[in-house]
Amino acid sequence: MDLITVSGPPSSGKTSVIIKTIESFLQRGVKVGVVKFDCLYTDDDELYEKIGVPVKKGLSGSLCPDHYFVSNIEEVVEWGNKKGLDLLITESAGLCNRCSPYIKDIKAICVIDNLSGINTPKKIGPMLKSADMVVITKGDIVSQAEREVFAMKVQSVNPKATIMHINGLNGQGAYELSTLMYDKDQNIITLEGRRLRFSMPSALCSYCLGETRIGKAHQMGNVRKIDLSD
Amino acid sequence: MPSIKQLKELTINELFDKYPYSKDFMLDHHIPFEGKENLIVDEVLDTIDEEHAEDQAIDVEKFKEQLIEYINLMLSFLGEEDESQTEVTILPGFYKDGSRENYDRLTIKSGEIICIVGPTGSGKSRLLADIEWAANYDTPTKRTVLINGNTLDTKERFSSSNKLVAQLSQNMNFVMDLTVEEFLDLHATSRLVENKEDVIISIFNKANELAGEQFKLTTPITSLSGGQSRALMIADTAILSKSPIVLIDEIENAGIDREKALDLLVSEDKIVLMATHDPILALMGDKRIIINNGGIEKIVDTTEDELNILSKLKRLDRIMLTMRNKLRYGEQLEFEEEI
């Protein structure tokens with residue numbers, strides 16, 4: 001089974017792009033399954049069910065979603081193998097822009113949209129910087145110039161990535177993306193011993209542990225102060 | 001071509017002198033180089049303190065590779081000769097039902113306008129996607145698209161600085177919070193244009209020629225009218241976009257001189273492919289492609305007779321426009337005189 005991790009900011013079009021891509025996989029007889037990671041709520045699993053692919057969802061709830069992802073990915077791979085998939089796609093929303101779920105030597109796609117603003121590529125950390133492919137969506141509603149400028153900005157934070165423009169509504173480009181996503185010779189049985197591409201932020205403070213009170217007396221662990229001096 | 005080795009030989013200042021764009025790249029990646037400009041690049045990178053690296057999510061080894069990659073990318077971007085003459089050839093593939101498309105080969109040259117007609121859902125977008133991707137018997141239609149007689153290799157296909165196709169469509173909007181001038185400046189900067197001021201002015205003037213109502217360099221792009229936006233997009237694409245092929249999905253009649261717009265694109269040696277339902281636009285093309293059931297059914301040259309009809313249609317169009325303007329400015333229409 002081949003594995004690919006897709007992530008990107010909320011509402012950038014990850015699910016639409018994946019669904020359009022899966023449609024072209026299904027036509028070619030490639031067996032695809034999806035595991036959707038989210039934080040509080042998602043009904044995207046229903047969209048995947050609708051097109052008839054095996055799907056599981058995981059909600060991280062009170063945990064950091066990317067930490068939750070890493071703690072579960074091994075079992076997710078097991079599930080995919082048990083289902084006899086050719087390709088397992090994981091989808092997760094990058095929420096703080098500092099984490100990324102990418103694993104060394106496992107293909108990683110970041111989905112980002114043209115409407116998110118010209119400085120957004122700079123604001124997104126490892127999720128964009130260390131992706132192998134960057135899919136840019138919503139190009140059908142902005143001007144050619146903005147598309148070109150946006151693609152340049154993406155290229156300048158991640159010069160190595162393959163950049164693709166995909167229309168998540170009509171699927172333009174999705175077939176092409178599918179040819180890059182799946183490698184039938186990949187056979188991933190387990191992720192045991194593999195490593196993340198990038199460490200997650202080192203945050204462990206009293207608020208991580210459920211503290212709700214405000215004030216110095218209640219702050220412990222990894223605390224940093226904003227510089228407010230004149 | 002720079003290599004990792006050069007990072008061990010050049011100082012930060014020398015790097016910036018040699019590759020000016022590398023400074024922005026370093027800034028974008030939050031590399032702390034201030035005050036260390038006379039030190040060797042490699043040393044500066046290797047001595048980034050761990051806390052800063054973790055804070056800014058910098059992976060030093062990876063950054064070195066990316067820096068080299070970026071410089072190479074910019075070098076190839078700058079070094080490319082603008083190939084003004086492009087020829088696109090489409091070889092037949094298959095209809096949705098598996099039968100073969102019924103044409104020999106279709107060759108389109110720079111400066112030609114080709115219209116694409118056919119019912120909605122007939123396969124127009126797939127044809128456009130085949131061209132955009134330079135299909136090589138590896139898309140659902142199994143068409144082959146040759147650029148200047150050759151298929152493209154994978155690298156050329158995915159190069160984002162080298163995109164074949166620029167797109168313009170009815171539902172596109174400007175979304176940036178910039179004035180016309182700032183916007184054009186940003187686009188020109190990203191294209192590394194040398195004579196930026198001249199280019200900006202020439203786009204601005206052309207756009208105003210195409211638009212019914214005039215706008216200023218200081219007008220925010222988000223407050224341009226539909227016609228003005230379209231005009232600016234077309235002028236900008238014609239003059240600044242590097243892509244040799246322009247795909248147009250309908251241009252609305254209101255607020256823009258469509259004939260002038262097409263003339264502008266053609267004069268910049270673009271290949272124009274235009275999907276349209278409008279008979280005037282369809283006849284403005286040198287040829288039209290008729291699409292049905294997912295395949296190219298026919299390729300028709302615009303005939304002499306059709307050109308005569310076109311001039312009549314244009315006259316009708318002008319009458320409509322005059323009436324529209326009269327109504328807009330509070331005049332009354334009189335049937336006999338108008339038609």
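Modeller: Here is a tour that starts with a strand of chain B and then moves on to charged side chains.

This is a predicted model, in which local features need pLDDT of at least 70 and side-chain atom pairs count only at pLDDT 80 or more, while totals for chains, interfaces and linings use all residues. Residues are numbered from 1 along each chain as its sequence is written, chains are lettered from A and ligands numbered from 1 in the order in which they are written, and side-chain values use heavy atoms, leaving out hydrogens and water.

Chain B first, as a whole. Along the principal axes, its C-alpha atoms fill a box of roughly 85 × 55 × 30 Å. The chain has 15 helices and nine strands; these are DSSP runs numbered from the N terminus, with helices (H or I) of at least four residues and strands (E) of at least two. Of its 339 residues, 49% are buried, where buried means under 20% relative accessible area, exposed over 50% and partly exposed in between, with a 1.4 Å probe and protein chains only.

Now to the strand itself, β7 of chain B, which spans residues 271-275 and has five of its five residues buried. Ile271(B), Leu273(B) and Ala275(B) point one way from β7(B), Val272(B) and Met274(B) point the other way, and all are buried. Strand β3 (residues 113-117) of chain B runs parallel to β7(B) and is joined to it by four bridges; two strands pair if DSSP finds at least two bridges between them. One contact to look for is Ile114(B), whose bridge partner in β7(B) is Leu273(B). Strand β6 (residues 245-249) of chain B also pairs with β7(B) in the parallel sense, over five bridges. There, Asp249(B) has Ala275(B) as its bridge partner.

From the strand, let us turn to the charges. Side chains of opposite charge can pair when their charged atoms come close. Over all chains, the whole structure holds 28 salt bridges, each being a side-chain nitrogen of Lys or Arg within 4 Å of a carboxyl oxygen of Asp or Glu.

In chain B, Asp42(B) and Lys64(B) form one of them, at 3.2 Å from N to O. This pair links distant parts of the chain, 22 residues apart: Asp42(B) sits in helix α4 (residues 41-46) and Lys64(B) in helix α6 (residues 60-79). Both Asp42(B) and Lys64(B) are buried.

Glu132(B) and Lys163(B) meet in another, at 3.3 Å from N to O. Here Glu132(B) lies in helix α7 (residues 124-133) of chain B and Lys163(B) in the loop between α8 (154-158) and β5 (165-169), 31 residues apart. Lys163(B) is partly exposed because its relative accessible area is 27%.

With a relative accessible area of 14%, Arg197(A) is buried, whereas Asp132(A), at 31%, is partly exposed.

Lastly, a network of salt bridges brings in both chains, linking Glu176(A) with Glu101(B), Arg126(B), Asp130(B) and Arg143(B).
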